[in-house]
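Q: I have a model open and want to learn to read it feature by feature. Where do we start?
A: With the model itself.

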Amino acid sequence: MLIERRDFLSTLTLAGAATLFSGNPLLGLASPKKDKLGIALVGLGYYSTDLLAPALQLTEKCYLAGIVTGTPAKAETWKAKYNIPDKNIYNYKNFDQIANNPDIDIVYVVLPPAMHREFVVRAAKAGKHVFCEKPMAPSVADCQAMISACRANKVKLAIGYRCQHDPNIQAYMKVAKEQKLGKVKMVNSAAGYVDNRTTHWKQNKALGGGVMGDMGVYALQGARLATGEEPISVFAQASTTRPEIYKEVEETMMFMLDFPSGAKAACQTSFGINMNYLQVNYEKGWLKMEPQSAYNGNKGSISDGTIINFPVKSQQAKQMDEDCLAIINNTELIAPGEEGLKDIRVVEAIYKSVASGKSVKI
Ligand code: NAD
């Protein structure tokens with residue numbers, strides 16, 4: 001009897017102990033390989049409604065299988081529009097029961113940034129792969145907790161950096177990688193739009209607002225991806241022309257980055273200015289993109305006469321299909337959690353620089 005009990009315990013240790021301690025009922029269990037994955041969108045606001053759900057009608061490797069919403073009326077509308085069965089509709093309270101739903105392979109968190117950590121961790125504990133919108137979270141500590149939770153539960157974590165799936169963006173990343181025009185000397189990168197809302201989460205600090213995490217990550221990514229390097233120091237200045245609206249967070253952020261190779265970047269982002277461009281000056285030429293981070297139509301030119309203008313049917317569909325393929329084949333994601341963390345590390349340093357009025361090492 002004793003031996004049998006010991007055998008049972010060792011079997012439990014190998015196959016199921018992690019389950020007991022992690023709370024993830026799927027951990028360690030081999031699930032049959034699917035060729036099309038079910039996605040549940042969490043948060044049915046603008047981006048889910050206008051971009052992700054329509055893109056999920058075009059994807060080949062995934063489909064809209066479920067929704068998680070705090071608004072019962074939205075559940076009804078989505079259920080009718082996308083033919084979603086009741087068993088795949090959750091609210092924020094009963095969300096954790098998604099662990100028992102084999103229709104849902106991936107949870108896509110499309111909530112205000114300050115809510116990302118909670119829902120990514122809950123999704124990971126439910127044994128689901130996770131897609132998380134940008135900015136990954138308000139702090140480096142949040143990002144690290146999200147990465148750890150996904151690692152502990154053996155699920156993948158992808159950040160919704162749609163641009164990194166866009167061949168037009170990949171084209172300028174390649175110029176840096178191949179050093180076709182020599183080393184990068186200077187980058188100018190801008191991303192902004194006029195937001196006329198006054199009480200949205202983008203104007204609310206506790207929910208993760210502020211332009212830096214929002215459009216700012218596109219300005220930052222322009223510099224990071226065009227140099228292929230991580231910045232080592234930053235000097236930043238925050239400002240607003242509408243103090244009655246931007247009471248808690250910045251409307252505009254300007255930041256200058258230094259890279260290990262000696263390259264420098266001047267970046268701007270704003271909720272009060274329409275701008276979207278990237279200019280890179282290399283030792284032997286230049287590259288210009290305008291727009292650099294739109295949903296479609298990103299295009300540019302290089303001083304050697306090359307035109308960058310690849311057609312993309314749906315950036316979001318391409319992003320989700322490529323991330324699903326990485327899950328299906330267990331290969332590297334294009335923009336994993338670690339990539340989201342790299343940006344937030346710089347964003348934290350930018351806020352430190354604003355607070356101190358000094359250049360900050362990263
Ligand atoms: P939104 O305000 O339109 O939607 C937010 C959703 O969260 C709503 O359904 C709202 O009901 C829900 N929510 C739950 N609790 C909330 C709370 N306490 N306060 C406010 N809303 C709450 O926002 P959005 O524009 O859809 O942005 C959602 C996420 O998607 C953000 O992380 C944003 O940065 C990201 N986003 C990414 C892109 C992109 O191009 N990748 C574009 C737009 C938005």
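Q: Which residues are closest to the ligand, and how many surround the ligand?
A: Begin with the ground rules. This is a predicted model, where local features need pLDDT of at least 70, side-chain atom pairs count only at pLDDT 80 or more, and totals for chains, interfaces and linings use all residues. Residues are numbered from 1 along each chain as its sequence is written, and side-chain values use heavy atoms, with hydrogens and water left out. A residue is near a molecule if one of its heavy atoms lies within 4 Å of it. Here 23 residues surround the ligand, and the closest are Y46, E133, K134, R162 and H200.

Q: What is the make-up of the shell by class?
A: Ala, Val, Leu, Ile, Met, Phe, Trp, Tyr, Cys and Pro count as nonpolar; Asp, Glu, Lys and Arg count as charged; the others, Gly among them, count as polar. The shell around the ligand has 13 nonpolar, five polar and five charged residues.

Q: Which domains supply the shell?
A: Domain bounds come from an automatic or database domain assignment. Domain 1 (37-162) and domain 2 (167-310 + 336-361) each give at least three residues to the shell.

Q: Is R242 buried or exposed?
A: Buried means under 20% relative accessible area, exposed over 50%, partly exposed in between (1.4 Å probe, protein chains only). R242 counts as buried because its relative accessible area is 14%. Helices (H or I, at least four residues) and strands (E, at least two) are DSSP runs, numbered from the N terminus. R242 sits in the loop between strand 8 (233-239) and strand 9 (252-258). Its side chain makes a 2.6 Å polar contact with that of E251.

Q: Where does Q315 lie?
A: Q315 is in helix 8 (residues 315-328). It is buried, at 1% relative accessible area. Q315 and R162 are 153 residues apart in sequence, yet their C-alpha atoms are 6.0 Å apart.

Q: Which peptide bonds are cis?
A: Most residues other than glycine have a negative phi, and most peptide bonds are trans. The bond from K134 to P135 is cis, with omega near -15°. P135 is in the loop between strand 5 (129-132) and helix 5 (140-152). Another cis bond joins E290 and P291, with omega about 0°.

Q: What is phi at K154?
A: Phi of K154 is near 55°, a positive value in a residue other than glycine. K154 is in the loop between helix 5 and strand 6 (157-159). K154 is exposed, at 65% relative accessible area. Q179 also has a positive phi, about 50°, and counts as partly exposed at 45%.

How values were computed
A polar contact is a pair of N or O atoms within 3.5 Å; within protein, one must be able to donate a hydrogen and the other to accept it, and residues adjacent in sequence count only if both atoms are side-chain atoms.
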